[in-house]
Each structure stands twice: as structure tokens, then as C-alpha cells.
Amino acid sequence: MTIISTGFVVTLLVLVSAASLAALVLMAAGLGNRLAFHRRARTSRHESIRAYYGHLALGH
């Protein structure tokens, strides 16, 4: 006796996979945007990578 049909399980797995892929794409886009922002800020101040990120980590 099958309680849950195979079609339902396959559909559910496809939907979960699509949602996971969409979440990864959104996180990657957000991370790329954040890195680009910090690069523009750092280069506009003519700071080295070490000085800029050291200030971010220790400046709070």
C-alpha cells in the first residue's frame, strides 16, 4: 500500500530543488552587490584592502 504517490514526491522534490536554486541565486547576487559596493568605497578612498577591511572589522 502506497500512502504518498510517486508523482507527488517527484513534484515536491522538483519544487524544493527550484526554490533552493532560486535562493542560491539571490544570495549570490546579494553578495556580489555587497562586494562591489565595498570595492567602490575602498578605491574611492585609495585604501589598501588590508586597511579598509581591518577598519571594518576593528572599527566597531
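This is a predicted model: local features need pLDDT of at least 70, side-chain atom pairs count only at pLDDT 80 or more; totals for chains, interfaces and linings use all residues.
Local features need pLDDT of at least 70 and side-chain atom pairs count only at pLDDT 80 or more, while totals for chains, interfaces and linings use all residues. Residues are numbered from 1 along each chain as its sequence is written, and side-chain values use heavy atoms, with hydrogens and water left out.

Start with the whole protein. Its secondary structure is 2 helices and 0 strands (DSSP runs, H or I of at least four residues for helices, E of at least two for strands, numbered from the N terminus). The C-alpha atoms fill a box of roughly 70 × 20 × 15 Å along the principal axes. Of the 60 residues, 7% count as buried, meaning under 20% relative accessible area with a 1.4 Å probe and protein chains only.

Next, select residues 6-44, which form helix α1. This helix has 39 residues and spans 57 Å from first C-alpha to last, close to the 57 Å expected at 1.5 Å a residue (1.5 Å times one less than the number of residues). Its buried residues are His38, Ala41 and Arg42.

Zoom in on His38. With 12% relative accessibility, this residue counts as buried. Which residues does His38 touch, leaving aside neighbours within four places in sequence? Select Tyr52, Tyr53 and Leu56, which are in contact with His38 (heavy atoms within 4.5 Å).

Definitions and conventions
Buried means under 20% relative accessible area, exposed over 50%, partly exposed in between (1.4 Å probe, protein chains only).
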